[in-house]
Amino acid sequence: MKIAITRDDLEALTSDIEQVLASHALALELLPTASGFFFGSTDYDGYYFEVLRDTRHFIQKEFSYNSDSENLYYTEWW
C-alpha cells in the first residue's frame, strides 16, 4: 500500500525533529517512541537522536531531489 506524503507533512515532521533535537525534553510529547516487535527500543537515547538526524537528512535530500513533486509516497516494508 502506498500512502501519499505531502510537503506540508514533511515540513511538519522536520519542524518536530528540529524542536526535539534542540530540546530533548520534547521527545515524549512531539515524537514518542512506540513499542512492538518492528519498532525496536523505546529509549530516548543516543540511537533515538541519531535516527532523528538521519531522518532529517533524508527529508532534506528528498526535498531537493523531488523539488517539483507535490507528493512523495510511503510504502511499508513489512
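Arg56 forms a salt bridge with Glu18, and the closest N and O atoms of the two residues are 3.4 Å apart. Arg56 belongs to helix 3 (residues 46-65) and Glu18 to helix 1 (residues 7-22), so the pair ties together parts that are 38 residues apart in sequence. The structure holds 1 salt bridge. In general, side chains of opposite charge can pair when their charged atoms come close.

How accessible is Glu18? Glu18 has a relative accessible area of 34%, and it is therefore partly exposed.

## Confidence in the model

The model described here is predicted. The protein chain has an average pLDDT of 87, and 90% of the residues score at least 70. Within the chain, confidence is highest in helix 2 (residues 27-30), with a mean of 97, and lowest in strand 2, with a mean of 79.

## An aromatic cluster

The count of aromatic pairs comes to 2. In one of them, the ring centres of Tyr44 and Tyr48 are 5.0 Å apart and the planes stand at 70 degrees; because an angle over 60 degrees counts as edge-to-face, this pair is edge-to-face. The rings of Tyr48 and Phe49 have their centres 4.9 Å apart and their planes at 85 degrees, so this pair is edge-to-face. Tyr44, Tyr48 and Phe49 form one aromatic cluster.

For Tyr48, the relative accessible area is 11%, which lies under the 20% limit for a buried residue. Tyr44, in contrast, is partly exposed, at 33% relative accessibility.

Tyr74 is located in strand 2 (residues 71-75). With a relative accessibility of 36%, Tyr74 counts as partly exposed.

Which residues does Tyr74 contact beyond its neighbours within four places in sequence? These contacts are with Met1, Lys2, Ile3 and Ile5. For one of these residues, Ile3, the separation from Tyr74 is 71 residues in sequence, yet the C-alpha atoms are 5.1 Å apart in space.

Lys2 also takes part in an arrangement with Tyr73: the charged end of Lys2 sits over the ring of Tyr73, at 5.8 Å from the ring centre.

Terms used: Residues numbered from 1 in each chain as written. Predicted model: local features only at pLDDT ≥ 70, side-chain atom pairs only at ≥ 80, totals over all residues. Heavy atoms only, no water. Salt bridge = Lys/Arg side-chain N within 4 Å of Asp/Glu carboxyl O. Helix = DSSP H or I, 4+ residues; strand = E, 2+ residues; numbered from the N terminus. Buried < 20%, exposed > 50% of the residue type's maximum accessible area, 1.4 Å probe, protein only. Contact = heavy atoms within 4.5 Å. pLDDT = per-residue confidence, 0-100. Phe/Tyr/Trp six-rings, centres within 6.5 Å; stacked < 30°, edge-to-face > 60°. Lys NZ or Arg CZ within 6 Å of the ring centre and 35° of its normal.
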